[in-house]
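Please read them alongside the model.

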Amino acid sequence: MKWKNVLLVLLASIALVVLLAQGFRLNPRAVPSVLEGKRAPQCNLIGLNHQPLALTDFQGKSLVLNFWASWCVPCVHEHQVLQQAALKYASAVQFVGVLYQDNPQAAQAFLQQYGQNYAHATDPNSRCAIDFGVSGVPETFFVDQHGMVVKKHVGPVSRELLEHVLDPILKEDLP
Amino acid sequence: MSVTLFVGCCLSVSLVVGTSLATDTIPNKQSSIQQKSSKHQASNNETNVQSTKILTRTTNAQDANLQKKALRIGKVLRCPVCQGMPIADSPADMAQAMMKQVFVLLEQGKSEEEIFAFFVNRYGEWVLLAPKPRGSNLLLWIMPVLVLLLGGLAIFAYVVRSKKAPEIRG
């Protein structure tokens with residue numbers, strides 16, 4: 001009887017440890033994306049050059065939509081990675097930076113300091129951020145040439161991640 | 001003693017299962033890193049003013065009903081930045097932008113259900129502070145009652161047993 005109880009306690013403890021191990025690997029602040037596999041929302045943005053910029057302008061091209069802000073510290077390192085990738089994939093992928101809860105002047109200063117070789121835009125009333133279900137920055141959405149959201153990435157992107165996501169999209173896009 | 005231990009373990013496991021299910025319904029990946037400069041923090045402090053502006057807009061339009069509706073909806077929608085707070089109470093810029101969107105949708109004549117659907121389509125059911133009691137969400141509603149019942153039964157069984165024990169000895 002005593003051994004039976006010990007065994008039960010042991011089993012319950014193992015179950016508890018397994019559940020805790022599973023739970024602690026999850027990030028409690030991450031917001032799951034419901035957009036993956038769905039058509040990307042069509043945002044009407046305002047470019048930092050004050051010209052309207054719609055995502056439909058890039059129809060037929062794969063898109064990397066990066067929500068960022070000049071006050072976001074991880075965005076600084078990520079910016080360098082995106083800059084290099086924008087050059088590497090220039091012929092097939094359009095990179096667009098969307099300002100999140102930031103003012104254009106601060107963004108301009110950031111871009112002057114760290115460089116700019118792809119389009120950046122402001123998001124009036126955060127409408128695009130809401131449509132993409134953004135919860136913070138940096139967040140990046142990968143859209144294929146058919147306008148479907150392939151992946152959402154929360155946190156700064158790495159060169160490896162960009163290659164991992166973009167290379168298969170580009171292979172599929174080849175005629 | 002071992003019975004108490006066993007009951008304790010059962011309760012803990014049930015609680016963890018409940019929590020893990022809740023986590024499944026809420027978040028599951030790495031979160032956004034939100035490190036703001038002091039400048040942005042200052043702008044956050046001004047959000048209450050923005051909120052008042054939104055409210056004043058409707059008050060000026062003498063549409064108290066719209067304002068009431070928007071606040072009621074805002075109390076049910078989760079702020080994606082603060083997460084534990086409804087957008088109606090959150091000072092975060094994003095929550096204020098969402099609140100503004102609620103007003104826009106109400107002004108367009110959308111119903112409460114349509115507005116909830118608008119946000120659920122973008123953020124998933126996660127955005128609702130009270131997940132609808134259906135599918136695996138049902139467990140979230142049933143689990144606390146189940147744990148309470150099991151715990152009560154276990155305590156009852158323990159008390160009955162410990163009362164019986166001296167009689168056997170005697």
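**Notes on packing and pairing**

1. In chain B, α4(B) and α5(B) cross in a right-handed sense; a crossing is called right-handed if the near helix is turned clockwise from the far one by less than a right angle, and left-handed if anticlockwise. Helices (H or I, at least four residues) and strands (E, at least two) are DSSP runs numbered from the N terminus.

2. The model is predicted: local features need pLDDT of at least 70, side-chain atom pairs count only at pLDDT 80 or more, and totals for chains, interfaces and linings use all residues. Residues are numbered from 1 along each chain as its sequence is written, chains are lettered from A and ligands numbered from 1 in the order written, and side-chain values use heavy atoms, without hydrogens and water.

3. Helix α4 (residues 64-74) and helix α5 (residues 93-107) of chain B have axes 10 Å apart, at an angle of about 130°. The pair is therefore oblique (under 35 degrees is roughly parallel, over 145 roughly antiparallel, 65 to 115 roughly perpendicular, the rest oblique). Axes are lines fitted to C-alpha atoms, for helices over the stretch in contact, and angles run from 0 to 180 degrees between N-to-C directions.

4. On the α4(B) side, the residues that meet α5(B) include Leu66(B), Ala70(B) and Ile73(B); among their partners in α5(B) are Met99(B), Val102(B) and Phe103(B). Contact means heavy atoms within 4.5 Å. Eight nonpolar, two polar and two charged residues make up this contact (Ala, Val, Leu, Ile, Met, Phe, Trp, Tyr, Cys and Pro are nonpolar, Asp, Glu, Lys and Arg charged, the others, Gly among them, polar).

5. α4(B) also packs with helix α6 (residues 112-123) of chain B, where the axes come within 11 Å and cross at roughly 40°. That angle makes α4(B) oblique to α6(B). Lys69(B), Arg72(B) and Ile73(B) of α4(B) touch Glu112(B), Ile115(B) and Phe116(B) of α6(B). By class there are three nonpolar, no polar and three charged residues.

6. Chain A holds an open, mixed sheet of seven strands, ordered β2-β1-β5-β4-β3-β6-β7. Strands pair if DSSP finds at least two bridges between them. At the edges are β2 (52-54) and β7 (149-154) of chain A, and the twist averages 30° from one strand to the next.

7. Strand β1 (residues 44-47) of chain A runs antiparallel to β2(A), joined by three bridges. Leu45(A) is opposite Leu53(A) of β2(A).
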